[in-house]
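Please keep the sequence and the structure in view while reading.

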Amino acid sequence: MPDATEESQVEPAELAAASRPARVAGEARAALVTGGASGIGLACAERLLAAGWVVGILDRDEAALTRCRERFAGDAAVRFAALDVTDEAAAEVVIADMVTAFGRIDGLINSAGIGADMHVLDTPIELFRKVLDVNVVGTFVVGRAVARVMKEGGGAIVNVASISGLRGSKGRAAYGASKGAVVVLTQVMAVDLAPYRIRVNAVAPGPVATPMVEALHPPEVRRAYRHHVPMRRYARPEEIAAAILFLLDDETSSYVTGEIMAVDGGFRGAGMMLIEEEE
Ligand SMILES: NC(=O)c1ccc[n+]([C@@H]2O[C@H](COP(=O)([O-])OP(=O)(O)OC[C@H]3O[C@@H](n4cnc5c(N)ncnc54)[C@H](O)[C@@H]3O)[C@@H](O)[C@H]2O)c1
């Protein structure tokens with residue numbers, strides 16, 4: 001795991017992207033995205049940039065950050081920082097660097113997370129603690145640090161929970177418990193931060209085609225999801241990002257806070273469904 005304290009230098013891309021209007025520091029709205037180097041976080045970063053925001057991509061994965069630097073090369077609206085979200089001291093440094101660079105922080109997307117699918121009887125305590133540490137403590141560490149900045153001018157935070165935090169799916173002892181905690185953390189933060197004009201919401205995605213899922217979902221899990229999701233397919237990361245941006249943007253959701261928005265192809269609300277023929 002990288003030492004985020006040593007590697008928290010914020011590195012601006014070299015030149016303004018020709019395809020986008022130049023953004024002036026302090027004028028464009030600024031958002032930070034944890035886990036921004038992959039999957040749902042990366043889709044959010046791309047959508048924010050297209051909508052005119054400046055974006056800080058924070059991730060602990062050096063190789064993924066390098067790929068992102070190449071992907072966004074020449075775009076001065078993006079900055080990058082190595083950060084393990086569980087490292088409180090490093091998070092303070094990175095966030096302070098981003099505030100200096102952007103002059104403001106209007107939005108935070110907490111997308112950093114790890115998954116686990118293991119029977120409760122086999123789940124080691126170390127794994128259980130690790131999943132809670134990244135998914136819950138990491139969300140709290142970064143959320144609190146950014147809220148301390150936002151409390152001067154308001155803002156919005158969107159946490160990435162999961163349908164596994166709303167329903168009891170097999171093998172989700174650690175993961176489901178962690179995302180259930182993210183749900184209530186979101187609701188509590190919404191209450192505590194409302195007086196500071198900070199809105200806090202969460203999305204609860206169903207299955208999404210991302211690198212995490214590539215690694216985690218064997219064929220029988222994919223088959224099971226296709227049976228239980230009324231829309232009979234996985235989401236694309238951009239479909240989750242669209243809902244996240246709705247919740248992040250005051251222009252679209254100024255009176256929404258403490259909301260847990262399922263983006264799940266109908267999974268949460270589904271009751272009895274006809275069983276599809278096996279392929
Ligand atoms: N893919 C799905 O089906 C799905 C469904 C529901 C919820 N989610 C949630 O969406 C979020 C994003 O997942 P994804 O599917 O895009 O996965 P992903 O693996 O593609 O992206 C997650 C990113 O988080 C980063 N990360 C992990 N631990 C970190 C840490 N300690 N500090 C900083 N960065 C860290 C990883 O390096 C990676 O870049 C996660 O919170 C996940 O639990 C995913």
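The sections below go from the whole chain to its strands, helices, ligand shell and individual residues.

## Basis and overall composition

The structure is a predicted model, in which local features need pLDDT of at least 70, side-chain atom pairs count only at pLDDT 80 or more, and totals for chains, interfaces and linings use all residues. Residues are numbered from 1 along each chain as its sequence is written.

The chain holds 9 helices and 8 strands. Helices (H or I, at least four residues) and strands (E, at least two) are DSSP runs, numbered from the N terminus. Of the 279 residues in the chain, 45% are buried. A residue counts as buried if 20 or more other C-beta atoms lie within 10 Å of its own, as exposed if 12 or fewer do, and as partly exposed in between, with C-beta atoms placed from the backbone.

Two residues are in contact if their C-beta atoms, placed from the backbone, lie within 7 Å. Among contacts between residues at least 6 apart in sequence, 76% join residues at least 24 apart.

Two strands pair if DSSP finds at least two bridges between them. The pairings described here are listed in the table.

| Strands | Sense | Bridges | Residues opposite each other |
|---|---|---|---|
| Strand 2 and strand 5 | parallel | 4 bridges | Leu 32 and Leu 108 |
| Strand 5 and strand 6 | parallel | 4 bridges | Gly 107 and Ala 156 |

In a regular strand the side chains alternate between the two faces of the sheet. Strand 3 (residues 54-59) has Val 54, Gly 56 and Leu 58 on one side and Val 55, Ile 57 and Asp 59 on the other, and all of these are buried. In strand 5 (residues 107-110), Gly 107 and Ile 109 point one way while Leu 108 and Asn 110 point the other way, and all are buried.

## The nonpolar core

A nonpolar core is a set of buried Ala, Val, Leu, Ile, Met, Phe, Trp, Tyr and Cys residues joined through C-beta atoms within 7 Å. The largest one has 77 residues, of which Ala 31, Cys 44, Val 55, Val 203 and Ile 244 touch the most other members. Helix 4 gives the largest share of this core, 8 residues.

What does Val 203 touch, not counting residues up to four places away in sequence? Its contacts are Val 158, Val 160, Ala 161, Ile 240, Ala 243, Ile 244, Leu 247, Met 261 and Val 263.

Leu 245 lies in helix 8, and counts as buried because it has 22 C-beta neighbours inside 10 Å. Not counting residues up to four places away in sequence, Leu 245 touches Cys 44, Arg 47, Leu 48 and Ala 51. Leu 245 and Leu 48 are 197 residues apart along the chain, yet their C-alpha atoms are separated by 7.5 Å.

## The shell around the ligand

The ligand is surrounded by 31 residues, and the closest are Gly 35, Ser 38, Gly 39, Gly 113 and Met 212. A residue is near a molecule if its C-beta atom, placed from the backbone, lies within 6 Å of it. Helix 1 (39-50), helix 4 (125-150) and helix 6 (211-216) each supply at least two residues of this shell. The shell divides into 15 nonpolar, 12 polar and 4 charged residues. Here Ala, Val, Leu, Ile, Met, Phe, Trp, Tyr, Cys and Pro count as nonpolar, Asp, Glu, Lys and Arg as charged, and the others, Gly among them, as polar.

Most residues other than glycine have a negative phi. Arg 197, in the loop between helix 5 and strand 7, has a positive phi near 60°. Arg 197 is partly exposed because it has 16 C-beta neighbours inside 10 Å. Arg 232 also has a positive phi near 60°, and is found in the loop between helix 7 (219-228) and helix 8 (237-248).

Is Leu 274 buried or exposed? Leu 274, in the segment after strand 8, is exposed because 6 other C-beta atoms lie within 10 Å.
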